[in-house]
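Here is a short note for a colleague opening this structure. Please keep the model in view while reading the points below.

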Amino acid sequence: QVQLVESGGGLVQAGGSLRLSCAASGSTFSLNAVGWYRQAPGKEREMVAVISTDGNTNYGDTVKGRFTISRDNAKNTVYLQMNSLKPEDTAVYYCTEHDFYDDRDYWGQGTQVIVSS
């Protein structure tokens, strides 16, 4: 069973930084695309960043230039480095993995990020 566990969320002041981590298990991680999505109160879920098996990345327009996604296949972990945080970045951040084995998406439980002004 594929499991994803996010960590690293918390409270931070505007302009600060956080690094989120997502540890995966139960999958052949190196074969799977992974990413981060977020959902803020009253808003739809939006794509933050995705990274492919070969390291190609895509970012949402609102975070491009401030956030960086990376992966460490040896640790089965995907990271999201968030810099220059803004109050509008406040959301629950979810890690997702597209499993090559069964061609479906899996999701973590989410980690909360609150950026104060």
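1. Start with a charged pair. The side chains of E46 and R38 meet in a salt bridge, at 2.7 Å from N to O. A salt bridge here is a side-chain nitrogen of Lys or Arg within 4 Å of a carboxyl oxygen of Asp or Glu. E46 is partly exposed at 24% relative accessibility, whereas R38 is buried at 4%. Buried means under 20% relative accessible area, exposed over 50%, and partly exposed in between, with a 1.4 Å probe and protein chains only.

2. A word on the source. This is a predicted model, in which local features need pLDDT of at least 70 and side-chain atom pairs count only at pLDDT 80 or more, while totals for chains, interfaces and linings use all residues. Residues are numbered from 1 along each chain as its sequence is written, and side-chain values use heavy atoms, leaving out hydrogens and water.

3. R38 has another partner. D89 forms a salt bridge with R38, with the closest N and O atoms 3.0 Å apart. D89 lies in the loop between β8 (77-82) and β9, and R38 in strand β4 (residues 33-39), so the pair ties together parts 51 residues apart in sequence. Strands are DSSP runs of E, at least two residues long, and helices are runs of H or I of at least four; both are numbered from the N terminus.

4. D89 also pairs with R66. Their closest N and O atoms are 2.8 Å apart. R66 is buried, with a relative accessible area of 11%. D89 is buried too, at 0%.

5. How many salt bridges does the whole structure hold? The search finds three. R38, E46, R66 and D89 are linked in a network of them.

6. Now check E97, in strand β9 (residues 91-99). The E97 side chain does make a polar contact with the side chain of S27, at 2.7 Å. A polar contact is a pair of N or O atoms within 3.5 Å; within protein, one must be able to donate a hydrogen and the other to accept it, and residues adjacent in sequence count only if both atoms are side-chain atoms.

7. R71 itself is in strand β7 (residues 67-72). R71 is buried, with a relative accessible area of 17%. The side chain of R71 makes a polar contact with the side chain of N73 at 3.0 Å. A polar atom of the R71 side chain also lies 3.0 Å from the backbone oxygen of S52.

8. Last, the overall fold. The protein chain has zero helices and 11 strands. Its radius of gyration, taken over C-alpha atoms, is 14 Å, close to the 13 Å that the globule rule (2.2 Å times the number of residues to the power 0.38) gives for 117 residues, so the chain is as compact as a globular protein of that length. Buried residues make up 42% of the 117 residues.
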